[in-house]
Amino acid sequence: MKRIMLTVAYDGTNYHGWQVQQNGETIEGVLNRCLSELLREKIEVIGASRTDSGVHARGNIAVFDTETRIEPLKIAYALNARLPEDIRIQESKEVDGSFHPRHCDSRKTYEYRIYNAPFPMPTERLYAYFTYVPLSVERMREAAAYFVGTHDFKSFCSTDTQVENTVRQIESMQVHKEDDLIIIRVAGRGFLYNMVRIMAGTLMEVGRGNLEPGDIRRILEAKDRAAAGPTAPACGLTLMKYEFL
């Protein structure tokens with residue numbers, strides 16, 4: 001028996017998130033099915049990050065155990081031949097049998113993309129949230145600085161969150177503009193359910209002038225989901241990379 005780690009990239013548009021569900025196709029479900037067919041044994045992957053419905057990834061991580069004699073590095077090639085075009089393995093390699101992607105120190109980097117122009121751009125519709133209301137990148141950048149550090153992010157997580165500890169560490173958060181695209185890039189040791197999307201939605205409220213940059217501090221201190229802005233749509237969010245420390 002050996003444990004294989006996969007680096008998985010996917011367009012989440014047509015999927016009900018990462019985790020297997022009864023009511024629709026998921027990334028995990030497709031991987032389990034295609035790996036089981038390829039290796040001729042029952043495979044159930046363990047994912048590092050359970051991304052939501054419609055969220056994309058360039059570098060999510062999954063591991064699984066197998067008896068296969070296929071070389072670990074070649075599994076990516078064989079699996080990609082079976083996967084749909086919107087899911088692709090970027091790397092496959094053997095790891096220690098005790099390795100668990102959710103039980104070790106790690107850093108996630110996300111990007112939230114906003115297409116800010118008078119009219120939508122069809123080629124961006126699946127990967128960026130569109131708004132025609134002008135956004136101030138300078139105000140959003142100033143507000144983003146308040147998120148950096150260790151804080152209680154209870155105001156910035158879904159009310160459905162089951163975890164008791166809502167303290168998280170944000171290592172960096174930048175906001176920059178490329179033509180009509182505003183990109184929010186955030187890195188941290190861990191994130192709560194919908195946390196990045198709520199932070200993005202709140203930053204857009206700052207960019208519109210509905211909130212002041214300094215209001216972020218007040219919202220953090222409130223520890224109340226109702227104090228923060230709306231949850232930004234899933235299409236703009238991409239898990240860029242997952243690093244083990």
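## The largest pocket

The lining of the largest pocket divides by class into 11 nonpolar, 11 polar and 6 charged residues. Here Ala, Val, Leu, Ile, Met, Phe, Trp, Tyr, Cys and Pro count as nonpolar, Asp, Glu, Lys and Arg as charged, and the others, Gly among them, as polar. This is a predicted model, where local features need pLDDT of at least 70 and side-chain atom pairs count only at pLDDT 80 or more, while totals for chains, interfaces and linings use all residues. Residues are numbered from 1 along each chain as its sequence is written, and side-chain values use heavy atoms, with hydrogens and water left out.

The lining has 28 residues, and R50, D52, F191, L192 and Y193 lie nearest the pocket's centre. A pocket is an open set of points on a 1 Å grid over the protein atoms alone, where a 1.4 Å probe fits, with protein on both sides within 12 Å along at least five of seven lines; lining residues have an atom within 4 Å of a point. The space in the largest pocket is about 780 Å³. That volume is the space filled by probe spheres set on the points, with grid points joined across faces, edges and corners.

β5 (106-116) and α4 (195-208) each supply at least two lining residues. α4 gives the most, with 3 residues. Helices (H or I, at least four residues) and strands (E, at least two) are DSSP runs, numbered from the N terminus.

## D52

D52 sits in the loop between β2 (46-47) and β3. D52 is buried, with a relative accessible area of 18%. Buried means under 20% relative accessible area (1.4 Å probe, protein chains only).

Leaving aside neighbours within four places in sequence, D52 is in contact (heavy atoms within 4.5 Å) with G17, Y193, N194 and R197. The side chains of D52 and R197 make a polar contact at 3.5 Å. Such a contact is a pair of N or O atoms within 3.5 Å; within protein, one must be able to donate a hydrogen and the other to accept it, and residues adjacent in sequence count only if both atoms are side-chain atoms.

## R168

R168 belongs to strand β8 (residues 167-178). R168 is buried too, with a relative accessible area of 19%. Beyond four places in sequence, R168 touches G149, T150, H151, F153, V163, G190, F191, L192 and M195.

## The second largest pocket

The second largest pocket holds about 160 Å³ of space. β3 gives the largest share of its lining, 3 residues.

Terms used. Buried < 20%, exposed > 50% of the residue type's maximum accessible area, 1.4 Å probe, protein only.
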